[in-house]
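Please open the model in your viewer and keep the sequence panel beside it, so that each selection can be followed in both. The tour moves from one selection to the next and says what is there.

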Amino acid sequence: MLSLRPEYNDRILSAHALAPVAFMNNLRSPFVRAFAPFVDSLDTITSLLGMNEFMPSNSMMQMGGYLTCRDSSPFQEVCSNVLFLIAGFNSEQLNRTQLPAIMANTPAGAATRQLVHYGQLYNSGHFRQFDHGRIGNWQEYGSFSPPDYPLDRITAPIALHFSDNDWLAAVVDVQRLRSQLRNVIGAFRVPLPAFNHLDFQWAIDIRPLVYNRHGLFSSSTDFVVIGPGNALGYLLVDQGYDVWMGNCRGNTYSRTTSMFAMLSLLPSYNDLIVSAHALAPAVLLGHLKNPAVHIVINILDKFGLLIGYDESLENFEALPSNNITQLTGNVLCRDGSPVQEFCVRLMHLFFGDDPMQINRTLIPLFTSNVPAGASFKSGIHFLQLSKSGHFRPFDYGLAENMKKYGSRAPSDYPLERITAPISLHYGENDWDVAAEDVEVLGTRIRNLIGAFPVPFAKFNHADFLIAKDAKNLPEIIQSNGYPVESHVVQTTDGYLLTVHRIPHGKTPQGRLRTNKPIVLLQHGFFHEMALHDLPDTIDYILKRTGRKKLSYVGHSQGTTIMFAMLSSRPSYNDLIVSAHALAPSAFLSHLRNPAVRISSLLLLDRLGLLVNFMGNFEVLPSIYFFQMTGHLMCADGSPLQDLCSLLLYLGLGDDPMQLNKTLLAPFTANIPSGASTKQAFHYLQLVNSGHFRPFDYGPAENMKKYGSRAPPDYPLERITAPISLHYSDNDWLISVEDVDKLRRRIPNLIGAFRVPYPKFNHADYLLAIDIKSL
C-alpha cells in the first residue's frame, strides 16, 4: 500500500513490521518450498473451478483443531510439529494449552490468489505484483513481467522486527528489505535464538517490556497515584505489558540517569530500545516559564552558588518525601480543607494553570507523594540547564571542569548519537518544558518519530500524569462491569472513525458463546456519512467478526444515514438482516420543536450560502465546559435540575412520568457531542423543503454536483432490506404525519409500530424509566 499509494505515508505515525515478509527467496519452510513449484498450475486449476478461498475457517476445521490439539489428546505433539514445520522449531516458547484455540482458528482462510502470489514471490526472488502470465501482465501492467513494488516511495518511519529462527522471514531477506527502505527507524533482532515466525503472536514470553520514568522531584508513585483505570502504570499493565518504573538518584526510592543523557553517552543502549516516548521532555530548558525556578536561579546566581559543587552536600536530599511532607499535603489539600485552593494555586504556579483539568479530590494523593526528593546536585544541575539553555553535564566551575572534561565548560550531550526512535509529547501551557525548547530538541534528534503537541491549549506539566476529563464511552461501559473494545475504521475518503464494541455480557457464559448475532447501533446525520462512514463501518464489523450480515438499530438521525445509505448504495441491503428505526428521521416538515422551527425560518434560502461563507466547522462540540455545566446543573440535589428537565421537554417533548432525573447529569454531560455546520444546516433544509434529499448548495453549485438546480430526492424505492419503524405521538422532532409519509415509500416494511404510551417523546427511546416494557 505505502509503495503504490504513497499519499498514505503521511497518515502513518510509525509502522512496526513483525516478521516482515517481502523478499522471500531465502525462506526455509518446507511447506512453502514444496508447493511453490506448482503455483502456476494451482492458479489455473482454481480459476477453472471457481475456487476463490483456500483453507477457509469452518466448523469442521475448528472442531478438528480442538479435538486433535487439546491437552488430553495423544496427537497434541503432532499439532506442535505441524506449526514448527511451517514457522520454525521453538518448543520452549509454545504454550501447548493454547494449541486448541490456535488450531481452531488457524488457518482462517485466504484468497487462492494470495497463496499463489506468495509462491510467486518465493520463486522469483522479487517483491512484485501478481504474475498473470505474459499476456495477462501486458494487459494489466503494460509489460511482460509484473513490476516490482516501488519501495523507494515509502517515506513513513518503518521498524523491522525479525528473528534468527523464522522459517518464513529469513534474516537475509529482512536485511535486503532494510536496504531498500528510505526511512528505517531500526531493524531489531529478537534476542532469543529459537524465536520463530509464530512466536511474534503466541510465544509464552511475548509481552513487551516498557520502562516508565518520572521527572525531577517525583517518583515511580506518580505512575500509579491516581489509581487503576487512570494511572499510566495501571493502563499499561492492563494491556499486557511488563511495566518497570524507575526512580532518579536522590529521590525517596533511589536512583538512575535520564534517558537522553544515557542514549547519547552510552549509544550501545539505543539498540535495546524499540521506541522511546518522552512526555514533557525536560532536556532544553532555556524558555521555561516557572516563576519559582527563575527566582531561585537569580538568588543562587547572585551569590555565586549556581556554578560549582560542595562535595559535603553529596548525600543531601532536597525536598525529600517524609512523614511530615506527606501528612502536610494530605491535611492541607484534601476536600473540605479551607486552604485546598492554595494547593491548587501552588500547583498552577509550578506547572501552569489548568483549572478545568485539575481533579481536586486527587490533590492530597499527589501532594503527599510530590515532591519525592532529588539529590541536591540534581536540583542544582536542573537550574544550570535552565539558565544556560544547554543540555550538558554538571558545571563544576572552570578549574574543576578542566579536570573532569578537559575544557573550561562542560560539552553538550551528543544528542546526534541517539539512534533509537524517539517521540516527543508536550503541552503548550507547560511552564517547565516550553514548546519552543521541545521544537529545538526535535531538530537535534536524528530518528524522530514526531513531536506531538497535546491538542488542549491549557494542558500543563502535571496534566501528563493527573489530568481529569469527563468519562469517555469505554470508561462508562467498564464502570458498569461490561467488557469494551475500541476499534478504528478508516473510511474510503480518509477519515478515522472510532467504533466501540461490547463483545459479551458480564457473565462467563456470554464470553464463551460463539456465533452471536451482530447488531450495529448508530447515531449521526450527514450525506457523506451515508456514502462513506456507515458503509465502511459495516464492512469493518463484518470483516472483523467473519459474519455475512448484521442487524441495524438507529435512533433519530442514525436512521437518516441508514435510509440514505440503503437508497444510495443499494448493494448494502444484502448485508442487513433487518433494520429497526427508532424515531425515524427522514421527512421532517411537520416537526414541532420550536427552536428548530424558528431557526429554519430565519435561515430559509440562506443555508447553502452560509456554509460556503462560514466553512464547515463544529457546532456544539463536546467540551469540558458543556460537560461540567451539564453535570453541575442537572445532578441530583441541584436547584437547577428542573430547568434541565424543562429544556429537555422544550426540545424533545414533555414526559415527566418517564424521565429518570438521576440520568440527566450523565446524559447532558455527553450531549451535545458536536456536529458540523453543514450537518446542522442540512437538517434545517429538510425541515423547510419537506423532501428527503442531499444538501442543497444553491442552483449554481447544485448543477455542478448533481446536474440539476435542486438536489435529487434519495431513491427510497431502492431499499430492499426489511425495515421496521418505531414512533410515538409526543415526539417533537419526528411527527406521526412524517412517519406515515415515510412508511408509504419503504418497499419492504416489516411494520410501523406506535409506542403505546401517549406522552412518549424523542429522548424516551434512550432514557425512559419503563423503556423495556414500552
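In which helix does Ser-264 lie? Select helix α11 (residues 259–265), and you will find Ser-264 within it; helices (H or I, at least four residues) and strands (E, at least two) are DSSP runs, numbered from the N terminus. Before going further, note that this is a predicted model, in which local features need pLDDT of at least 70 and side-chain atom pairs count only at pLDDT 80 or more, while totals for chains, interfaces and linings use all residues. Residues are numbered from 1 along each chain as its sequence is written, and side-chain values use heavy atoms, with hydrogens and water left out.

**Around Ser-264**

Ser-264 counts as buried because its relative accessibility is 0%, where buried means under 20% relative accessible area, exposed over 50% and partly exposed in between (1.4 Å probe, protein chains only). Now display its surroundings: leaving aside neighbours within four places in sequence, Ser-264 is in contact with Tyr-413, Pro-414, Leu-415, Arg-417 and Ile-418, contact meaning heavy atoms within 4.5 Å.

Next, select β1, β4 and β5, three strands that form an open sheet in the order β1-β4-β5 with parallel pairing; two strands pair if DSSP finds at least two bridges between them. At the edges are β1 (15–18) and β5 (184–189), each of which pairs on one side only. From one strand to the next, the twist averages 15 degrees. If you zoom in on β1 and strand β4 (residues 158–162), you see a parallel pairing over four bridges, and Leu-18 stands opposite His-161 in β4.

Strand β11 (residues 422–426) runs parallel to β12 and is joined to it by five bridges, with Ile-422 opposite Leu-448 in β12.

Cys-333 belongs to helix α13 (residues 323–333) and Cys-343 to helix α14 (residues 340–351), ten residues apart. The link of Cys-333 and Cys-343 is left-handed, with -80 degrees about the S-S bond, and both Cys-333 and Cys-343 are buried.

**The nonpolar cores**

Which residues have the most contacts inside the largest nonpolar core? Select Phe-563, Leu-566, Phe-692 and Ile-723, which hold that place in a core of 58 residues; a nonpolar core is a set of buried Ala, Val, Leu, Ile, Met, Phe, Trp, Tyr and Cys residues joined through side-chain atoms within 4.5 Å. Helix α23 (residues 557–568) gives the most to this core, with six residues. A second, separate core of 36 residues includes Ala-261, Leu-306, Leu-415 and Val-454.

Back in the largest core, centre on Phe-692, whose contacts beyond four places in sequence include Thr-560, Phe-563, Phe-587 and Tyr-714.

**Last stops**

In the loop between β16 (550–555) and α23, pick Ser-556, which has a positive phi of about 55 degrees although it is not a glycine. Ala-583, in the loop between β17 (576–582) and α24 (594–602), also has a positive phi of about 55 degrees without being a glycine.

Finish at helix α31 (residues 736–743), whose buried residues are Val-736, Asp-738, Val-739 and Leu-742. These buried residues pack against α23, β20 (723–727) and β21 (749–754).

Terms used: Disulfide = S-S within 2.5 Å. Axes fitted to C-alpha atoms, helices over the stretch in contact; angles between N-to-C directions.
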